[in-house]
Amino acid sequence: MTDLGDGTRCLHAGLPEPVPGDAFLPGPVFAAPYHLDPWQGQGSSPNGYGRPDNPTRRLLEAAIGELEGGDCRVFATGQAAITGLLLAVLRPGDTVLLPADGYFPVRAFATDVLETIGVRVVFVPTAGPYPSLEGVRLVLVETPANPGLDVVDVAALAERAHAAGALLAVDNTTATPLGQRPLDLGADLVVASGTKALTGHSDLLLGYLASRSAELVGAVTSWRTVTGSVPGAFDSWLAHRSIATLDLRLARQSANAAAIADLLAGRPDVTGLRWPGRPGDPAYPVASTQMRRMPGVLSFDLGDADRVGRFLTASRLVAAATSFGGTHTSADRRAQWGDDTPPGFVRLSCGVEDTADLVADISAALDAAGPA
């Protein structure tokens, strides 16, 4: 379906062939064991036991795989997907490059787990500079990075990684497969939290991996099977249903981000504004050529923690909550979660509210928050 528009692809992704009397998207299949053939036993059907086998989960994987352009495996959470990737691919003595400005729990996992089992971990800022990749097993980047929103040229980094014999994995959480397709840019794997904008209704946890390499997909599948980090049938069904509106949600979220970035850029009481879609942003030159659409996430600094609290209290439309990509606009002060950010640093995730309402509310809340 690559010749169709984003909205059409999202709406039809992963759906089975139409059968008169059947639902567009079949309901979730709740099962631990399935009936086996009394003689042939396991292997006589695609379903033997619920941990490795579930038809609802396979439909979701087909949908995400169509959007990312690879073979997909879904996990219980984004963190399960990314740690599964790291542990399925890396061995003692390997070297991995991770983003110094990426998702904090991944960096914590690297120091608390990977280093203790003999994996050498090197942290590199998303925007670089990158060291020599000779001897590196895996390079993992998050672009745009969370929460600082820097970007990296995926195609150029893939060329460097492959020349050195390394694999490149791209965390596509912030961009989503409608914002960029890392596998098309040369990445070996794509990993993401489907909890965020992909499903976008703030009501489920999900992660996924996708690749065009049968060997890598096989390793990840084996890891998931033995560790059991699978999403349930109902969450898989909810996720697949939610993907149908991804194009519509992203369009409004991106438009809201553009309008709020314009608002914040004109306020002297707001500093450190970052949004990759804004000309003049350090990420814009790469993002504007690499990405098909800009995310609904931006960041800025309100000076101190108290002012952030006053801003969130005064706002009627911005919820104080972590995570991003949901239909409701939300914001959080990232330092409280362990990110290496100033105390007044805010990550704001635009929802699908009317743009004029959101701009007016944020402007009034900033006024009410007063100076830092």
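Contact means heavy atoms within 4.5 Å. Helices (H or I, at least four residues) and strands (E, at least two) are DSSP runs, numbered from the N terminus. The model is a predicted one, in which local features need pLDDT of at least 70 and side-chain atom pairs count only at pLDDT 80 or more, while totals for chains, interfaces and linings use all residues. Residues are numbered from 1 along each chain as its sequence is written, and side-chain values use heavy atoms, with hydrogens and water left out.

**Helix H11**

- Arg307, Val308, Phe311 and Leu312 are buried in helix H11 (residues 305–314), where buried means under 20% relative accessible area, exposed over 50% and partly exposed in between (1.4 Å probe, protein chains only).
- These buried residues line one face of H11, because they fall within an arc of 135° when seen down its axis; the arc is that of the directions from the helix axis to the C-beta atoms.
- Asp306 and Thr313 are exposed on the other side of H11.
- Strand E10 (319–320), strand E11 (330–333), strand E12 (345–349) and H12 are the elements against which the buried residues of H11 pack.

**Helix H4**

- Helix H4 (residues 104–114) has Val106, Arg107, Phe109, Ala110 and Leu114 as its buried residues.
- They fall within an arc of 155° seen down the axis of H4, so they line one face of the helix.
- Their packing partners are helix H3 (78–89), strand E2 (95–99), strand E3 (120–124) and strand E4 (138–142).

**Helices H9 and H12**

- The axes of helix H9 (residues 246–265) and helix H12 (residues 355–369) come within 10 Å and cross at roughly 35°; axes are lines fitted to C-alpha atoms, for helices over the stretch in contact, and angles run from 0 to 180 degrees between N-to-C directions.
- Arg252, Asn256, Ala259, Ile260, Leu263 and Leu264 of H9 meet Thr355, Leu358, Val359, Ile362, Ser363 and Leu366 of H12.
- Ala255 also lies in helix H9, and its C-alpha is 9.0 Å in space from that of Cys350, 95 residues apart in sequence.
- Ala255 counts as partly exposed, because its relative accessibility is 39%.

**Aromatic pair**

- The structure holds one aromatic pair, a term for rings of Phe, Tyr and Trp (its six-membered ring) whose centres lie within 6.5 Å; planes under 30 degrees apart count as stacked, over 60 as edge-to-face and the rest as tilted.
- The pair is stacked, because the rings of Phe234 and Trp237 have their centres 6.0 Å apart and their planes at 15°.
- Phe234 counts as partly exposed, at 41% relative accessibility.
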